Amino acid sequence: MKILLFGKNGQVGWELNRSLQPLGEIIALARVDADFSRPDSLADIVQQVKPDVIVNAVAYTAVDKAEQEEALALKVNALSPGVLAGQAKKLKALLVHYSTDYVFDGKKESPYDETDEPNPVNAYGRTKLAGEQAIQSSGCDYLIFRTSWVYASRGNNFLLTMLKLAQEREELSIVADQTGSPTSARLIADTTALCVQQSVKEKLSDGFASGLYHLTASGCTSWHGFTEEIIKLAGSCPDFPLKIKQVKGIPTSEYPTPAKRPMNSQLTLTKLENRFGLEMPSWKKSLALCMGNITGDH
Ligand SMILES: NC(=O)c1ccc[n+]([C@@H]2O[C@H](COP(=O)([O-])OP(=O)(O)OC[C@H]3O[C@@H](n4cnc5c(N)ncnc54)[C@H](OP(=O)(O)O)[C@@H]3O)[C@@H](O)[C@H]2O)c1
């Protein structure tokens with residue numbers, strides 16, 4: 001089986017380039033090989049490879065900057081995935097794509113399921129929703145995974161920023177009224193590999209149905225709760241000296257950002273778990289596993 005992976009240097013793409021290895025031949029591309037700001041250039045790249053599976057981990061993920069660059073974000077997050085979907089349909093390939101909790105407005109009091117109506121509150125969310133719709137209307141075989149609050153042991157992310165700040169400062173003020181599920185890129189990639197393996201088997205027996213699934217770690221917290229857990233785990237590691245003494249919880253109103261964020265980002269996992277026979281681990285368990293990589297605590 002040939003798998004064409006786009007975005008090999010991103011948080012999720014990096015982990016996918018590892019987790020997909022046992023499934024077949026992986027052709028992993030970076031921005032220099034395939035530029036998603038030029039959607040018209042992508043069809044030829046896919047046709048040259050003729051993959052059985054396309055996995056798209058590319059995205060314009062700069063949520064605040066997207067407010068100023070929505071046209072570019074739309075090309076990367078929607079128009080290019082639409083081209084990949086068209087090519088997947090031609091080749092009868094499976095397209096795997098990622099979306100976000102930010103398609104929702106966050107006003108719901110309980111976790112969002114896949115039947116809840118999206119209503120993005122920022123440019124990034126609008127472009128990601130347009131990407132979902134481009135794929136869903138293409139007629140290709142697809143899996144779309146909406147995930148949230150992604151972190152990894154490499155790249156730019158909240159976990160690494162908090163670890164750095166906790167080594168430099170005695171006090172931090174972190175937003176405590178936004179709720180979501182921190183999810184490691186490794187968990188997303190490992191789960192994707194299992195889902196791809198099952199889906200390819202289903203496709204061979206004509207038993208495959210395309211679908212959109214929520215894919216996060218289980219349980220939820222706030223950015224403040226996430227930070228406290230990061231510091232607790234780092235603090236228990238003798239080789240990781242911390243300066244931090246206090247993590248203060250603040251409301252969103254005290255941390256204004258160019259892009260509005262949903263207050264409630266919790267996603268239900270039942271559809272994913274039932275379809276693929278999974279039991280998603282808690283966000284605390286995944287965080288501990290990821291931090292073992294960083295602090296050297298194996
Ligand atoms: N990060 C989160 O908190 C979060 C939350 C919810 C959902 N998601 C979704 O999860 C998926 C994976 O996100 P991630 O966290 O792994 O993102 P990431 O670390 O920001 O990686 C994004 C990748 O896209 C590439 N890229 C950006 N613009 C490109 C362009 N014009 N042409 C080609 N490649 C381009 C980047 O290339 P370079 O390496 O060259 O920059 C990078 O490899 C995305 O669909 C994202 O929307 C992420």
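V121 is found in the loop between β4 and α4, where helices (H or I, at least four residues) and strands (E, at least two) are DSSP runs, numbered from the N terminus. The model is a predicted one: local features need pLDDT of at least 70, side-chain atom pairs count only at pLDDT 80 or more, and totals for chains, interfaces and linings use all residues. Residues are numbered from 1 along each chain as its sequence is written, and side-chain values use heavy atoms, with hydrogens and water left out.

With a relative accessibility of 23%, V121 counts as partly exposed; the scale used here calls a residue buried under 20% relative accessible area, exposed over 50%, and partly exposed in between (1.4 Å probe, protein chains only). Although V121 and R261 are 140 residues apart along the chain, their C-alpha atoms are separated by 6.9 Å. Contact means heavy atoms within 4.5 Å, and on that basis V121 touches D105, K260, R261 and P262, not counting residues up to four places away in sequence.

A second pairing across the sequence involves helix α3, in which A78 lies. A78 counts as buried, because its relative accessibility is 4%. Leaving aside neighbours within four places in sequence, A78 is in contact with A73, T127, A130, G131 and A134.

The ligand comes next. It is surrounded by 25 residues, of which V12, F36, T61, Y124 and K128 are the closest; a residue is near a molecule or strand if one of its heavy atoms lies within 4 Å of it. Three elements, α1 (11–19), β4 (94–100) and α4 (123–136), each supply at least two residues of this shell, and β4 gives the most, with 3 residues. By type, the shell residues divide into 11 nonpolar, 10 polar and 4 charged. In this division Ala, Val, Leu, Ile, Met, Phe, Trp, Tyr, Cys and Pro count as nonpolar, Asp, Glu, Lys and Arg as charged, and the others, Gly among them, as polar.

A polar side-chain atom of T61 lies 2.6 Å from an oxygen atom of the ligand. The backbone also takes part: an N or O atom of the F36 backbone lies 2.9 Å from a ligand nitrogen atom, and one of the A59 backbone lies 3.2 Å from a ligand oxygen atom. On its own the ligand has 910 Å² of accessible area, and the protein covers 82% of this; such areas come from the Shrake-Rupley method with a 1.4 Å probe, and for residues, only the protein chains shown count as cover.

In soluble globular proteins, nonpolar side chains tend to be buried together. A nonpolar core is a set of buried Ala, Val, Leu, Ile, Met, Phe, Trp, Tyr and Cys residues joined through side-chain atoms within 4.5 Å. The largest such core has 88 residues, and those with the most contacts inside it are F6, V55, L95, F145 and L272. Helix α6 (residues 185–204) gives the most to this core, with 8 residues. Apart from it lies another core, of 5 residues, among them V103, F104, Y112 and L267. Beyond four places in sequence, the contacts of F6 include L29, A34, F36, V55 and L84.

In helix α5 (residues 158–168), L159, M162, L163, L165 and A166 are buried. At the start of α5, a side-chain oxygen of N157 reaches to within 3.1 Å of the backbone nitrogen of L159. H224 lies in helix α7 (residues 223–235) and is buried, with a relative accessible area of 14%. A polar atom of the H224 side chain lies 2.9 Å from the backbone oxygen of V247.

Most residues other than glycine have a negative phi, and most peptide bonds are trans. The phi of K50 is near 50°, a positive value, and that of K92 is near 55°, also positive. K50 sits in the loop between α2 (42–49) and β3 (53–56), while K92 lies in the loop between α3 (70–91) and β4. K50 counts as partly exposed at 48% relative accessibility, whereas K92, at 68%, counts as exposed.

Conventions:
Polar contact = N/O pair within 3.5 Å; in protein donor to acceptor, adjacent residues only side chain to side chain.
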